[in-house]
Protein chains: 2
Amino acid sequence: MQPSLGFHGVTTERQFIRDLQSQFPARPPVTIGIGDDGAVLDVASHTQQVIVTDLLLDGVHFDLNVISPFLAGRKAVAVNLSDLAAMGCRPTAAFISLAVSRDHVQASPSFLSELYRGIQQMTDEFQFSLAGGDTNSWAGPFAINVCLTGVPFLDRPFLRSQAQAGDAIFVTGPLGGSLHHGRHLTFMPRLQISEWLSRTVDVQAMMDLSDGLSLDLYRMMEASGTAAQISASDIPIHSDVPAEWSFDKRLAAALGDGEDFELLFTVRAAEAATLQAVAEAAAVSMFDIGRVTHGSGIQVIDPLGNRQIMNVTGWQHKL
Amino acid sequence: MQPSLGFHGVTTERQFIRDLQSQFPARPPVTIGIGDDGAVLDVASHTQQVIVTDLLLDGVHFDLNVISPFLAGRKAVAVNLSDLAAMGCRPTAAFISLAVSRDHVQASPSFLSELYRGIQQMTDEFQFSLAGGDTNSWAGPFAINVCLTGVPFLDRPFLRSQAQAGDAIFVTGPLGGSLHHGRHLTFMPRLQISEWLSRTVDVQAMMDLSDGLSLDLYRMMEASGTAAQISASDIPIHSDVPAEWSFDKRLAAALGDGEDFELLFTVRAAEAATLQAVAEAAAVSMFDIGRVTHGSGIQVIDPLGNRQIMNVTGWQHKL
């Protein structure tokens, strides 16, 4: 990494780096953090490492005309933490690149510091390091790329491709309405539940719900070479979805709105009842929504018991 | 990571992922590459890992009105490989996020495939994996973030902070004229020399020359708590710097143009003569340009033997 660009002179750059080093201490396993060509991580105590990355763009993933740089920074890290949670991993280090619009910095000199405070809320909450990055300014809109390293809570990462026919399918919370109600900016990544699951049950397949249950379940089943049958009345619908809407409209929101950042996972059917009982006792949010089957595609059983083929909807960018 | 966004439908997205998986095979130590929430690396055989990242922006680091997407993709990876070379590391995996301008894709449907061919030139040359990333389209200009993992050629990474008074200062090639002559797009990252140095000599401090010898040497000396005295007539000037220019103007280009992507490093003075002899015998490019001293700042001895304090120039972004 370049320690940073984007400054009028060496002194300003040095001060910026020192401020970052003080705001973001190098926590183990980071041994060399911000300030050299690259960061150094001690990987001696683990055999496997997971790396996730997501690029968030102003006007696509959030709108800086409406939200604060704090929330933009927080969200950029949180969506990556959600990916680590989905892999059954705790975070170890963050690498964050910024393309900062000159307009934003001119309009608000505190733009960068607010942004970094949003990032810091996540690094402090989950005790990992900002270990590197690259800061540039340009005439384009704001963009932020986050790359996180993580290590499994237990001995192995979870994959989306390991569902097997017969598995029970769970989600960790109610779905829908996230984008309209701003939950996509303030959600807490499900690292705690991921660790609890790692230690409580034999997770088969896991992923996070970023593009909507419909599309993400489709992806998990396709990756696993399996099909799914889910029960419409078992899908938890978030209170952010208007109660006065028809059931079909509310269900469509839960299936298709996206950005829920809950976990979607499967366990052997024999473990399902025990898991739900243990989760209830521990006050861990957990919803059994259906079963993995042989074949391909998603069947939805409606409240009248009719089977329907689910349309693969969900939130997708268009090129 | 999201396996990819930016597509009209699941089928197109799946085909894009499959194409990438076939173009970029998962090479060890990557065990799970493109297609899940994150990539998995086997880190059992190393105790230390280095991670570098750089964000390159259209209109700042290259101009897509002038250069091909192939060269943009190639450069984005190559500058990160240069950072790994500076740390004495070989690359193990790449994570590449793209913000693609809709205009580019509409103007040239092959934009993405040309870009990935440029990336592939580097992953094939140095035998590492594209293991993850995130692809988005937007109304903004093109941006590409590359994050690379690497492991030391030998037992430890090299740092910029380890120069000591008395060390000899070397650069691995002639400097200047890179941006004007397009060398910044086609340079070969100095991984081979980095490995050769790792095995040949006890490197003290090392970094790569991205912002010009003047600024980068200043940074190395500051990080090491040392000063430097360099000899103007020993600084190798690239043939891309016009021969008809005055010596002072040619020297200024070598010191300040930037984007040379050669290595700057120090070794104990007692090793300097041996190193140069061995390098010559092995046809490895190597230039002894001065000595590390106590104190701070950079002194330049001009061809008449006069000492001057070097202005810290070099290529920097302005916020």
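First, the ground rules. This is a predicted model, so local features need pLDDT of at least 70, side-chain atom pairs count only at pLDDT 80 or more, and totals for chains, interfaces and linings use all residues. Residues are numbered from 1 along each chain as its sequence is written, while chains are lettered from A and ligands numbered from 1 in the order in which they are written.

Chain A, then. Its secondary structure comes to ten helices and 13 strands. Those are DSSP runs, numbered from the N terminus: H or I over at least four residues for helices, E over at least two for strands. The radius of gyration of chain A is 21 Å, close to the 20 Å that the globule rule gives for 319 residues, so chain A is as compact as a globular protein of that length. That radius is taken over C-alpha atoms, and the rule is 2.2 Å times the number of residues to the power 0.38. The C-alpha trace of chain A spans about 70 × 45 × 35 Å along its principal axes.

How much of chain A is buried? Buried residues make up 55% of its 319 residues. Buried means 20 or more other C-beta atoms within 10 Å of the residue's own, with C-beta atoms placed from the backbone. Now contacts, where two residues touch if their C-beta atoms, placed from the backbone, lie within 7 Å. Of the contacts in chain A with a separation of 6 or more, 84% come from residues 24 or more positions apart.

Next, domains. Chain A divides into domain 1 (10-152) and domain 2 (168-309), with bounds from an automatic or database domain assignment. The C-alpha centres of the two domains of chain A lie 29 Å apart. Their contact takes 14 residues from domain 1 of chain A and 16 from domain 2 of chain A. Which helix gives the most to the domain 1 side? Helix α2 (residues 69-86) of chain A does, with nine residues.

Over to chain B. Look for an open sheet of seven strands, ordered β8-β10-β7-β11-β9-β12-β13, with mixed pairing. Strands count as paired if DSSP finds at least two bridges between them. The edges are β8 (206-208) and β13 (307-309) of chain B, each pairing on one side only. Twist averages 25° from one strand to the next.

Three bridges join β8(B) to β10 (residues 263-267) of chain B, running antiparallel. There, D208(B) stands opposite L263(B). Further in, β7(B) and β11 (residues 287-293) of chain B are antiparallel, joined by four bridges. F170(B) faces D288(B) in that pair. β9(B) also pairs with β11(B) in the antiparallel sense, over four bridges, with A227(B) opposite T293(B).

Helix α8 (residues 213-224) of chain B lies across β7, β8, β9, β10 and β12 of chain B, at about 40° to β10(B). Axes here are lines fitted to C-alpha atoms, for helices over the stretch in contact, and angles run from 0 to 180 degrees between N-to-C directions.

Last, the pair of chains. A rotation of 180° with 0.0 Å of shift along its axis superposes chain B on chain A, RMSD 0.0 Å. The two copies are thus related as by a two-fold rotation axis. In chain B, the C-alpha nearest that axis belongs to G140(B), 2.9 Å away. The superposition is by least squares on the C-alpha atoms of residues with pLDDT of at least 70 in both copies. The same surface serves both copies: 100% of the contact residues of chain B recur in chain A.

Conventions. A residue is buried if 20 or more other C-beta atoms lie within 10 Å of its own, exposed if 12 or fewer, and partly exposed in between; C-beta atoms are placed from the backbone.
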